[in-house]
Amino acid sequence: MGQYHKVYNIDKKVMINAHGINNGLKLVEQIGHDHSTSTALFLLLANSNGRGGGDVDEHYLIGSWAGDRIVIQGDYAEESDQGYIKDVEGYTDISEAVNDMLNKTMGVTA
């Protein structure tokens with residue numbers, strides 16, 4: 001089966017479920033392609049988009065996680081793991097909005 005990972009923003013109490021952005025849940029399935037969880041994180045953490053050539057079209061989520069504490073936690077995580085989040089049920093899933101951000105920045109039309 002393998003371990004399934006989700007992205008948690010501790011400061012905003014929100015999370016990204018990779019299935020919600022059309023990715024697999026295993027760590028290796030979430031990296032290395034345009035519409036990936038790693039691409040989403042790069043955009044969410046970018047603190048200076050829109051100021052020069054090569055930036056992406058504006059979206060309200062781009063840069064919104066800059067400076068926040070982020071953890072990528074698998075379902076096999078243990079309390080001794082660095083950054084462990086005990087109560088993951090208290091996080092709001094924003095995957096649909098993140099998928100919209102990726103579609104707009106990658107030029108995908110609905």
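**Contacts and strands**

Tutor: Helix α2 (residues 95-105) holds both D100 and K104, which lie four residues apart, about one turn of the helix. Please keep in mind that this is a predicted model.

Student: How far apart are the closest N and O atoms of D100 and K104?
Tutor: They are 3.3 Å apart, and the two residues form a salt bridge.

Student: Is D100 buried or partly exposed?
Tutor: D100 counts as partly exposed, because its relative accessibility is 29%, and buried would mean under 20%.

Student: How many salt bridges are there by this rule?
Tutor: The count comes to three. One of them joins R69 and D11, with the closest N and O atoms 2.8 Å apart. That pair links distant parts of the chain: R69 lies in the loop between α1 (37-45) and β3 (70-74), D11 in the loop between β1 (5-9) and β2 (14-17), and they are 58 residues apart.

Student: And which residue does K12 form a salt bridge with?
Tutor: The partner of K12 is D68, and here the closest N and O atoms are 2.5 Å apart. K12 is in the loop between β1 and β2 and D68 in the loop between α1 and β3, so this pair ties together parts that are 56 residues apart in sequence.

Student: What about the accessibility of D11 and K12?
Tutor: D11 is partly exposed, at a relative accessible area of 37%. K12 is also partly exposed, at 40% relative accessibility.

Student: Changing topic: how many aromatic pairs are there?
Tutor: The count is one aromatic pair. The ring centres of Y8 and Y91 are 5.2 Å apart and the planes stand at 80 degrees, so the pair is edge-to-face. Y8 belongs to strand β1 and Y91 to the loop between β3 and β4 (92-93), 83 residues apart.

Student: Is Y8 buried or exposed?
Tutor: Y8 counts as buried, at 5% relative accessibility. Y91 is buried too, with a relative accessible area of 10%.

Student: How many residues of β1 are buried?
Tutor: Four of the five are buried, so β1 is largely enclosed by the rest of the structure.

Student: Then which strands does β1 pair with?
Tutor: Five bridges join β1 to β3 in an antiparallel arrangement, and four bridges join β1 to β2, again antiparallel. V7 stands opposite I72 in β3 and opposite I16 in β2.

Student: What lies between β1 and β2 in the hairpin?
Tutor: Four residues lie between the two strands, and K13 in the turn has a positive phi of about 60 degrees.

Conventions. Residues numbered from 1 in each chain as written. Predicted model: local features only at pLDDT ≥ 70, side-chain atom pairs only at ≥ 80, totals over all residues. Heavy atoms only, no water. Salt bridge = Lys/Arg side-chain N within 4 Å of Asp/Glu carboxyl O. Buried < 20%, exposed > 50% of the residue type's maximum accessible area, 1.4 Å probe, protein only. Phe/Tyr/Trp six-rings, centres within 6.5 Å; stacked < 30°, edge-to-face > 60°. Pairing = 2+ DSSP bridges.
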